[in-house]
Amino acid sequence: MLYLDNSATTQVLPEVKEAILPFLLEDFGNPSSKYYPLATNAKTAVETARQNVSRLVGCDEDEVVFTSGATESNNFILKGVAHSFKENGNHIVTSKVEHPSVLETCKYLESIGFKITYLDVDACGRVSTEQIQDIILNMKPILISIMWGNNELGSLNPISDIAAICKEHGVFFHTDATQVIGKVPIDLSEIEGINFVSFSAHKFHGPKGVGVSVLRKDDLGLPIQITPLLHGGGQERDIRSGTLPVHNIVGMGKAAELATKNLKQNIEQLQKLEQELTAILSSKFEDKIKFNNDTKDKIPGILSVQFKGINNETLVRNLAPVAAVSTGSACSSSKPSHVLQNIGLSLEEVRSTIRFSLSPTISLDELEIFKSL
Ligand code: PMP
């Protein structure tokens, strides 16, 4: 069975598994304990992982806060900024095609008095810099949260440009980078104006249940203080409490190290695979299919394809013995995709769309199975 649902989650790489095991079985100490080697080894491993994660995205080590994943990171940053900066205003801006962990958090914030603007997107799921400029001038928001790349369409937003506008106007900018890590070069040290970033390890061949909030320092090199989501024992410099899941953090660190080292070749492989799969599907199904995704400015390896007149649930089920694909986001798979509806697709078109999401671990030959379907 060929696994083509890598935007839902990825397989842990063998090196990642090997890195994790000693921290379950041998060095199982609590990194917050002191002096004895089981604890200090765990602490050292956590700090090595922090270094690897910071290198992957080009930030400082003390800007990395470990969380349980992107859902928590999105909740933490949106609620944390809202709570800490409510004296500055109550308006937050996001887009209509964000992940539910952003959209539902925004709905919650609305329920307690914040005003949220959900920006429209274009036919590929992007927001424009003009929209950002206009909303800042008209509404003076405290925070803008726009995803780096979309999980269903792969479209990339003009993140550096949005960040520059936010910086110019003194508006906090958060981006959910969950889908782009390891698939798009990211160097936060080169982009001014991104204050907060979220992502999860399991989208780049690390373990599930661990992720990161990057909280960038301000121009004076000081941390932006936001209210914690989890209060407690004071781990992660009092910003995110809870005993650190050392094995998961070490796994994420190893996955980050590999993603950094192999970034160029992984991107090339994803591009080749995408081209090949596009060519196979186009020649086999001709005008019976339609691609929803753009061909440029996108995350390599994500394809969103309508199979005209065929129900996507049926298609996913029928393909299951040979290939794992999905109807879209695994997080809202029971409802018709809000992303596809917001780019203007009819319900019928949404219900005939499936997403293929590739991994650099796949070989070109493996895609041949689609020729014989
Ligand atoms: N944001 C995006 C864009 C995602 O694709 C996902 C995972 N589907 C998340 C956030 C949430 O990640 P997690 O489930 O690991 O918390």
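**Reading the cores, domains and a surface patch**

Author: In this predicted model, the largest nonpolar core has 67 residues, and Ile 144, Trp 148 and Phe 204 touch the most other members.

Reader: Which helix gives the largest share of this core?

Author: Helix α7 (residues 246–261) does, with 8 residues. The core also draws at least three residues from each of domain 1 (2–9 + 263–371) and domain 2 (14–261).

Reader: What does Phe 204 touch, leaving aside residues up to four places away in sequence?

Author: Its contacts are Thr 10, Leu 56, Ile 181, Phe 199, Met 252, Ala 255, Ala 256 and Ala 259.

Reader: How should I read the domains, and how far apart are their C-alpha centres?

Author: Domain bounds come from an automatic or database assignment. Here that assignment gives domain 1 (2–9 + 263–371) and domain 2 (14–261). Their C-alpha centres lie 26 Å apart. Domain 1 puts 32 residues into the contact, and domain 2 puts in 33 residues.

Reader: Now the surface. Which residues form a nonpolar patch there?

Author: Leu 21, Leu 24 and Leu 25 do, with about 270 Å² of accessible area together. Of these, Leu 21 sits in helix α1 (residues 14–25).

Note on methods
Residues are numbered from 1 along each chain as its sequence is written. This is a predicted model: local features need pLDDT of at least 70, side-chain atom pairs count only at pLDDT 80 or more; totals for chains, interfaces and linings use all residues. Side-chain values use heavy atoms; hydrogens and water are left out. Patches are made of residues with over 30% relative accessible area and no salt bridge: like charges are joined within 9 Å, nonpolar side chains (Val, Leu, Ile, Met, Phe, Trp, Tyr) within 5 Å. Accessible areas come from the Shrake-Rupley method with a 1.4 Å probe; for residues, only the protein chains shown count as cover. A salt bridge is a side-chain nitrogen of Lys or Arg within 4 Å of a carboxyl oxygen of Asp or Glu. Helices (H or I, at least four residues) and strands (E, at least two) are DSSP runs, numbered from the N terminus. A nonpolar core is a set of buried Ala, Val, Leu, Ile, Met, Phe, Trp, Tyr and Cys residues joined through side-chain atoms within 4.5 Å. Buried means under 20% relative accessible area, exposed over 50%, partly exposed in between (1.4 Å probe, protein chains only). Contact means heavy atoms within 4.5 Å.
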